[in-house]
Amino acid sequence: MGRLGTKTLTELGLSPVASLGSGKLDTRVTGLSVDSRKVAEGHLFAALPGTQAHGADFVPAALKAGAAAILTDRLGAQRAAEAIAAYQPAVVLAEDPRQALAYTAALWFERQPEVVAAVTGTNGKTSVATFTRQIWTLLGLEAVNIGTTGVEGAFETGSGHTTPEPITLHNILHDAWEHGVTHAAMEASSHGLAQRRLDGVRLAAAAFTNFTQDHLDYHATFEEYFAAKAGLFARVLPEDGVAVINIDDPRGPEIEGYAAERNIDVLRVGRSEAADLRLIAQRFDATGMDVRFDFAGTPYQTRLNLIGGFQAENIMLSAGLAMACGAEPDRIFECLHDLKGVRGRMQHAATRDNGAAVFVDYAHTPDAVATAIKALRPHVMGRIIAVIGAGGDRDRTKRPLMGAAAAEHADVVIVTDDNPRSEDPAAIRAEILVACASALEVGDRAEAILRGVDALQAGDALLICGKGHETGQVVGDDVFPFDDVEQASLAVAALDGAI
Ligand SMILES: CC(=O)N[C@H]1[C@@H](OP(=O)(O)OP(=O)(O)OC[C@H]2O[C@@H](n3ccc(=O)[nH]c3=O)[C@H](O)[C@@H]2O)O[C@H](CO)[C@@H](O)[C@@H]1O[C@H](C)C(=O)N[C@@H](C)C(=O)N[C@H](CCC(=O)O)C(=O)O
Ligand SMILES: Nc1ncnc2c1ncn2[C@@H]1O[C@H](COP(=O)(O)OP(=O)(O)OP(=O)(O)O)[C@@H](O)[C@H]1O
Ligand SMILES: N[C@H](CCC[C@H](N)C(=O)O)C(=O)O
Ligand SMILES: [Mg+2]
């Protein structure tokens, strides 16, 4: 962070409290940290209230490491009073220190790509962000997508989180800008919105995909989870931005209401008559689909080499976002047939000698499991075999619902492990199996995939759900290399005699 020089608190939009610590307005800081273990000499340490602790408990460690200023809330200042009195740093108090940190990080890093769009919703964020980036790239623009799969496009790096915390996020946006990136599409996770991680980003547009159950381990209620997502439109998107909303989702009109309250322009997308960009028809075959849609009274038809009807919904939202950010509709529509599938989302992984295909998908919520299996159905004449599992240390209530979704929509279900983390894998599988008793239980994921591939007859398809682009299986504190696409290819090769 040193390469950005130093800045005074005033330059960072912060005013220290005169009666606390040094009270010095012109305190210069050399960088920002949210974790005491990363504080360097002269840093501003943001001591944030957390789920496990209050960052204030680490103020003594941060000051010992050389922090020159502390950003916290009233409670934090009280908890750290002794260390503040001893070290006399500048102390900035904020009612919402996470939001203050987001604004400060934006001022610290100064630059971001000229056009940034954000996508929220339970499912489809990575897909919409990636398709939007692909559209921009096909239009000749320097573009990236930022989210679960890292930073991809004209500038590439890891991101760690779906929505990185503000210091990392603004660092990425600055570096992307420095590499000449003018357009960025980012994911706004509910954690990210609840923790104000993207409040400092200047958005040109924001999209809403859909809303169903997930993350009830973090959000106290379903409504709290929705309120976090709605914050993108009720708070983060500026009034001159454009909201691009999937109007088919039952919560779409509510999101539109939040935008309307702030006089934000809305572009409605969906199959409903009310949509501005309207999906009219889809025709499926083994390798993709033809889609027909309408914009401003003109019908368009194009080929999408993608599996799954919902991909067309995601692509319509992406086209809407690109439009909302200023691209010419006709030019956007012309490039749709060149869009490539998103890694680990209905990705074709392998084909058996008998023609049966294997797909890898990131479905890890009840809705996504149902959607993914149903979406595969029109492309497949035979049976659908689904491999599912649920993550440990995550929303437990979704497990039986995922089992029920698989049992209802697939012909054969195999229940296996998906990142058990600190939990007992067999106990997780049991919670899924409650709702799909006739499923086959195979704990070892490689073996589950092998068994699924082995069961494939001509015309069947195997859908491996849950890990998508992931490259590891998290067991306890260990991460074992594991890639569903690779395992599918190995299984096909082993069974069909290629190796
Ligand atoms: C549950 C969650 O979102 N936690 C985030 C939250 O941490 P927390 O409130 O639990 O922190 P805490 O452990 O109580 O500690 C309080 C504060 O003390 C600080 N601390 C802690 C220990 C120490 O030695 N020194 C120190 O300074 C912490 O940095 C924190 O600021 O605030 C931290 C700092 O802003 C985040 O790094 C942290 O993200 C953690 C790493 C995380 O794993 N988050 C995941 C669940 C997440 O954000 N996922 C979403 C969604 C993914 C999806 O859609 O599926 C994502 O956007 O990636
Ligand atoms: N529009 C959609 N409607 C319903 N399900 C979808 C939709 N788009 C994607 N999915 C399902 O959700 C899974 C995850 O898709 P994607 O990664 O794009 O979503 P995400 O919102 O980024 O997820 P995460 O929050 O885990 O990062 C896909 O593999 C697919 O099964
Ligand atoms: N980013 C999400 C998706 C995880 C997908 C699944 N593979 C799991 O481990 O539950 C999470 O951490 O909840
Ligand atoms: Mg994602």
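## A parallel sheet

Strand 3 and strand 4 (residues 43-46) run in the parallel sense, paired over three bridges; strands count as paired if DSSP finds at least two bridges between them. Across that pair, Ser33 sits opposite Phe45 of strand 4. Helices (H or I, at least four residues) and strands (E, at least two) are DSSP runs numbered from the N terminus.

This is a predicted model, where local features need pLDDT of at least 70 and side-chain atom pairs count only at pLDDT 80 or more, while totals for chains, interfaces and linings use all residues. Residues are numbered from 1 along each chain as its sequence is written, and chains are lettered from A and ligands numbered from 1 in the order in which they are written.

Step back and there's an open sheet of four strands, ordered 3-4-5-6, with parallel pairing. Strand 3 (31-33) and strand 6 (90-93) are its edges, each pairing on one side only.

## A helix on the sheet

Helix 4 (residues 97-109) packs on the sheet and touches strand 3, strand 4 and strand 5 (69-72), its direction making about 135° with that of strand 5. Contact here puts C-beta atoms, placed from the backbone, within 7 Å. Angles run from 0 to 180 degrees between N-to-C directions, and axes are lines fitted to C-alpha atoms, for helices over the stretch in contact.

## Helices 8 and 9

The axes of helix 8 (residues 222-236) and helix 9 (residues 252-261) come within 8 Å, crossing at roughly 25°. Ala230, Phe233 and Ala234 of helix 8 meet Ile255, Tyr258 and Ala259 of helix 9.

Technical notes: Contact = placed C-beta atoms within 7 Å.
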